[in-house]
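Open the model in your viewer and keep the selection tool at hand. The tour moves from stop to stop, with something to select at each one.

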Amino acid sequence: MPIPSTANLILRASCRDGRLKEALQILLAIKDTLINSCTNLLLLQICIARNGLLQAYRRYGFPQEAFKLFHQMQRTGIEPNQFTFATILPACAKLRNLAQGMDIHQSIIERGFLSEVVVENALLDMYAKCGSIQKARDLFDIMSEKNVVSWNTMIAGYAQCGALDEALRLVKEMPRPDVISWSAMVAGYSQNGLFENALEAFKEMHLAGLKPNTTTFASILPACAKMGDLEVGMDIHQRIIECGFSSDVVVASALVDMYAKCGSIGKARELFDKMLERDVVSWTAMIAGYAQNGFNEKALETFKQMQLAGVKPNPTTFASILPACAKMGALEQGMDIHQSIIESGFYSNVVVASAVVDMYAKCGSIHKARELFDEIPQRNVISWNALIAGYAQNGFCSDALKIFELIKHSGTNPNDVTFACVLLACTYAGLVEEGCKYFNGMSEFHCIMPTIDHYVCMADLLGRAGYLEETFNFIIKMPVKPEVVVWTCLLDACRPHNNIRLGAFAAKLLFEMYPDNAATYVLLSNMYVEVGRWGDAQIVRSLMKDRGIKKIPGCSWIEDHKMIHVFCAGDRSHPQTQEIYEKLESLSWEMKVAGYFPDSTHVLNDVEEEEKEFFVCHHSEKLAIAFGLLNTPPRTTIRIVKNLRVCVECHTATKFISNIVAREIVVRDVNRFHHFKQGKCSCGDYW
Ligand code: ZN
Ligand code: ZN
C-alpha cells in the first residue's frame, strides 16, 4: 500500500498521460486513504480538467463510486459541465436510481444545459433504463434537436419495456433508421418471445439495404433457437459467413446455441471446436445443448473440460449442468458442483439455488433438497416447483401437498408447472378426489388454463385408481387433442384391472397414431398374458416383429467414485461381472430362505420355467444393485437409475434385498422413485 503522497504523484502522472484505467487501479489501491485531502483535491482537479475519473469509474463498473465523486465535486463548489452530466447519468441508469436521476435532471435545468443534445440523450437513456419511458417520451417530444442517438435511445427504450408497437412506430417515423434502430427491434421482439416478428424485422432491415452487425446476429439467432427453426438458422449462418462475423466470439456462441437448441448437436460441436476463442457463454451453450438433447454424460464431460480450460462457470452454466446431473442421478458429481457454486458465491442466485434443490430431489436425496430449500432467502415459483416435484416423485405425496398449501401464504403465485407437480403427487398417492379439486381449482381460483400436461396427469390419476370408464369419458371430452401419451395412460391403467375391452381400444388408436411405439405392443401383449390369452399375446408380438419394431432395451446405472456404470439385462461386459453374478447367486439363495420366489409371469418368451427365472434374475437393476453392494461401504444408501419402469418381480426382489443387506436402496425408474427400506417400498407398491 503506497502512502497517499506517493500514490498522488503516480495518480497525477497516470491521468496526465490519459492512462485512466491505471489511474483507477491506483485509486482503488488507496481507497482507504482516500480521505487524505490532498488526494481529494487532486481527484477533483482531474475531474474539472477532463471529467476523466468519473468516466473511468463508470466505464469500469463502479457507478456507486462515480456518485460519491460527483457529490464531492459539488460539495467542494466545483461546477459540473455538460460532459460531467453526460457521464453521471449512465451511472444512474446502471443503478436504476430514478430519484437520483431526476435530481440531476433538475440540476441540468438550473444550469441551463438542457439544450445540449449529448445531455438530453443521456437523460432519455436514464429515464428509459429506470423504467420511466413516459418521462423519456415527454422529453423526446420537446427536444429541439434530435440526432440518430436520440431516436435509437427511444426505440431501444420502448423495445426493452416490451412496448414493441410504439418502438416500431418510431422506426417508421425516424428519418433514416440505421442498423442500431433495426437491431433494437430484432432484440426487443426476440427477448419478448415474438420470434416471428424478430425475423420480420431482420428481413425488413435487409430490404432497407442495411448490413446487420454482430449485435443483430446475436439477437436473431436466439429467436431461431427458440423456434427450433434450423432452416432459417442455417440461412442466417450463411449471412454471418458472408458478413465475415463467424469468428466473433459472441456470434459464434449464439450459433452453437442455435444449432444445439435446434437439435443439431453434431453441428454445434463442430462449430464449437472450430472457435479460436471460447468464453463462458460459448462453453455454456455447448453444455446446455448437450443437456437439453439428453447427452448428459457429454454435458458433464464438457463441464469438466471447461474447468480445465480455466474458464469460470457463471450462474447460467450451473443452471444448465445441474439438470444433467439430476437426469443421470449423478449425486456425487452434483455434490461437487454444489460445492463449486458455494465457492463461486452464486448460491444467492435463486435460479441456481433452485436447480441445486432440484438436483438433490431428482437424485433421491429429498431431505437434503428440503434442507437447502429452507435456506433459500428469496424463493421464486421455480424453487417451490422443484421441491413439490421432488416430494411427489420420491413418494412423499402428503409433503408435496403441504408445501403447496404453504405457497399460498408465501406471496408467490403458483404456475401451470406447480399444478402439474401437485397432480402428480395426487396420482402417486391415489388421491382422486383431491386431484379433481386441484384440477378444477386451477382455472377457477388461479386463472391457469389446463394444458395437455394437466390432462395427461388427470387421465393417469383416474386410470391408476381404476376408474377406467371415467378415464375414457374424460379423454374423449378433453378440449385439447388427446396425444399419444393420454391414450397410453388408459392402456397402461387397463392392465392391472384386466380391462381388455378398453385396453385393446386404446391400443388400436395408438397403433394408428404412432405405429412405431414399442411400448404399445409390449403393454398390450402383457395385458393378454395376464389374463392367459397367450395366443393374442403372440399375435401382438409377431406384429411387432414383422414391423421391425424393437423394444427399448432396459438398462440401469449407478454412480461410483464419480463414474457411471451402466448395465443391461443379462449384461456380462462389466470388468466385475464374475463377482456381480456370484453376489446375485448368493443373494437369490438368501432371498429364497426368506420366502421369496421369482415371479416369471411377465417373461413373455416361450421358454422353460428355469430359463424364465434366469431372465428375471438378471434384469439390469439387479446387476446394478449387486455392483453397488460390492463397491460401496456397508450401511450406505445405494442409488440406481433405470430407463424403463421397474418390473413387478424386480420390485419384490429389491424389497427382500433391502431387508437382507440392511441397506436403503433408492431406485429411480422412468416415472418415479422407489425408496426400498427394511423390506418395504415408499411407493406402497402403487406405481
Ligand atoms: Zn425386472
Ligand atoms: Zn416401489
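This is a predicted model: local features need pLDDT of at least 70, side-chain atom pairs count only at pLDDT 80 or more; totals for chains, interfaces and linings use all residues.

Two strands pair if DSSP finds at least two bridges between them.

**Stop 1**

Select residues 555-560, strand S1, and residues 563-568, strand S2. The two run antiparallel and are joined by six bridges. Pick Glu 559 and look across: Ile 564 in S2 stands opposite. Now go to the turn. Two residues lie between the strands of this hairpin, and His 561 takes a positive phi near 45°.

**Stop 2: two loop residues**

Select Arg 96. This residue sits in the loop between helix H6 (82-95) and helix H7 (98-111). Phi of Arg 96 is near 55°, a positive value in a residue other than glycine. Is Arg 96 buried or exposed? With a relative accessible area of 51%, Arg 96 is exposed, because the cut-off for that class is over 50%.

Jump to Ala 662, in the loop between helix H37 (648-660) and strand S4 (665-668). Here too the residue is not glycine and phi is positive, near 50°. Ala 662 has a relative accessible area of 55%, so it counts as exposed.

**Stop 3: a helix pair**

Show helix H23 (residues 366-375) and helix H24 (residues 381-393). Their axes come within 10 Å and cross at roughly 160°. Angles over 145 degrees count as roughly antiparallel, so H23 and H24 are roughly antiparallel to each other. The crossing of H23 and H24 is left-handed.

**Stop 4: the zinc ion, ligand 1**

Select ligand 1, a zinc ion. Which protein atoms are its donors? They are ND1 of His 619, SG of Cys 647 and SG of Cys 650, at 1.9 to 2.3 Å from the ion. Along the sequence these donor residues are spaced H-x27-C-x2-C. His 619 lies in the loop between helix H35 (609-617) and helix H36 (620-631), while Cys 650 lies in helix H37, so the pair ties together parts that are 31 residues apart in sequence. Colour by accessibility and check Cys 650: its relative accessibility is 0%, so it counts as buried.

**Stop 5**

Select strand S5, residues 673-677. Four of its five residues are buried, so S5 is largely enclosed by the rest of the structure. S4 and S5 run antiparallel and are joined by four bridges. Arg 668 stands opposite Phe 673 in S5. The hairpin of S4 and S5 has four residues between the strands.

Move on to strand S6, residues 680-681. S5 and S6 pair in the antiparallel sense over two bridges. Pick Lys 677 and find Lys 680 of S6 opposite. These two strands form a hairpin with two residues between them, and Gln 678 in the turn has a positive phi of about 45°.

**Stop 6: the zinc ion, ligand 2**

Finish at ligand 2, another zinc ion. Its protein donors are His 651 (NE2), His 674 (ND1), Cys 681 (SG) and Cys 683 (SG), lying 2.0 to 2.2 Å away. Their spacing along the chain is H-x22-H-x6-C-x1-C. What is the geometry of this site? It is tetrahedral, with angles of 102 to 118° among the four donor atoms.

Definitions and conventions. Residues are numbered from 1 along each chain as its sequence is written. Chains are lettered from A and ligands numbered from 1 in the order in which they are written. Side-chain values use heavy atoms; hydrogens and water are left out. Donors are N, O and S atoms within 2.8 Å of the metal (3.2 Å for Na, K and Ca); water is not among the atoms, so sites may look incomplete. Four donors count as tetrahedral if all angles lie between 85 and 135 degrees; four count as square planar and six as octahedral if opposite donors are over 155 degrees apart and all others between 65 and 115; anything else is irregular. Buried means under 20% relative accessible area, exposed over 50%, partly exposed in between (1.4 Å probe, protein chains only). Axes are lines fitted to C-alpha atoms, for helices over the stretch in contact, and angles run from 0 to 180 degrees between N-to-C directions. Angles under 35 degrees count as roughly parallel, over 145 as roughly antiparallel, 65 to 115 as roughly perpendicular and the rest as oblique. A crossing is left-handed if the near helix is turned anticlockwise from the far one by less than a right angle, and right-handed if clockwise.
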